[in-house]
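Please look at the structure before reading on.

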Amino acid sequence: MINQPPKIVIIGGGAGGLELATQLGHKLGKKRQAEILLIDKNRSHIWKPLLHEVATGSIDADLDGVVYSAHAAKHHYNFQLGSFCHLDQTNKTITLSELKDELGHRILPERQVSYDYLVLAIGSVSNDFNTPGVNKHCFYLDSNQQAERFQHALLDNFTRLHQDDDPLHSLTIAIVGGGATGVELSAELYHVSDMLKMYGLNKMTAKRLHIDLIEAGPRILPALPERIANSAKRELVKLGVTVREGTQVKEATENSFITKNDEHINADIMVWAAGVKAPDFIKDIGIFELTRNNQIKVNQYLQSSVNDDIFVIGDCCAFTQEDGSQVPPRAQSAHQMAQCVEKNLIATLKNQPLSAFTYSDHGSLVNLSRYSTVGSLMGNLTSNSFFIEGKIARFMYISLYRMHQRAIHGSAKTFALWISEKVLRVVRPKMKLH
């Protein structure tokens, strides 16, 4: 009987999961030393920090995304479409839910997939903290589908205002959550509103746009240094954003947020971008040790605390550092975790010692569309991180995306993609209009 190579199953094709599948495909899959299988409920990948640009139409996910099946064929791993719903540790199998099309017709039945080693990279979703009405009345920006749904609603409202002859009528958008997503979305909305006149919607201008950015804490960007938060706030106020700090929302209705003080903040479009958690089904599985945000607790090697054959990376991973703090749910965290698990899986197959994970904070950047970029860099190298803004910060922000592209495509293709983007910019509209 021929011995089958070990099977490594990665659930979730986000920043960490896709990078891990790519690297293991080249180092193990290509040499048939292991079978690498990536599972995701979507057919394509878009870098999550770009979702606010998908939501405003600044980028087209159909053109800028990565199709998993095509990528897998080039990088020596397999891809399977499916939603993870159950785990059997004893028999080392996972269960994927029944797959249906948009009309409810069954494409695939519920099915099981075996594994030797499992990597959970299922990311995070917005945490509505069980606030009444949020799930029914608000947009989320957790996935490409949600971002495109928002973009369609935005275009409909732009069209409505353009054909409304009353100049006093405006488009009001309320965003709950003063983190990076809320801040960057606010600035990007003003940017695309300014561009509409290029495409015949000259009556819908940025002057007819009103945005409320609502943050429950004492300041926006609470996870970043105060100097960055203050600089970002100044830029937002200059654009026209009403920044409401220290404002807690207790309920969402069809057309307004109701604050703890019973103030109604009316809006045509409402967005919830406050806090993140791992998906609730992780709690329903009933196997893992979890934090209150459903994140899975791991050991120093990023193995789950309940099973050494199950690794966890990215936003769904709860890794406690030496100072007692949790590694923040950022793209750079997922990237570093993917690199660590890649080394540890290869070491496991070779019966070699595992490497402990150490998070290095390379700083934080917040991109306010074309208006400004602010941030801090090299927080791991000095006791005081460097504050940067303007063109240098913008260059560094773009570089983060190029690093992600390089991890999943290689240097040559990343360069080719950069050239093609420059060429397409000449012939493509500056915003998606459909």
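Strand E1 (residues 7-11) and strand E2 (residues 35-40) run parallel and are joined by five bridges. The model is predicted: local features need pLDDT of at least 70 and side-chain atom pairs 80 or more, while totals for chains, interfaces and linings use all residues. Residues are numbered from 1 along each chain as its sequence is written, and side-chain values use heavy atoms, without hydrogens and water.

Helices (H or I, at least four residues) and strands (E, at least two) are DSSP runs, numbered from the N terminus. Two strands pair if DSSP finds at least two bridges between them. Contact means heavy atoms within 4.5 Å. Angles, from 0 to 180 degrees, are taken between N-to-C directions of lines fitted to C-alpha atoms, for helices over the stretch in contact.

| H1 (residues 15-29) | E1, E2 and E11 (117-120) | about 160° with E2 |

The open sheet has six strands in the order E5-E2-E1-E11-E23-E22, with mixed pairing. Strands E5 (78-81) and E22 (303-304) are at the edges, each with a single partner strand, so one side of each has no neighbour in the sheet.

Isoleucine 173 lies in strand E13 (residues 171-176). Not counting residues up to four places away in sequence, isoleucine 173 touches residues including Leu154, His210 and Ile269.
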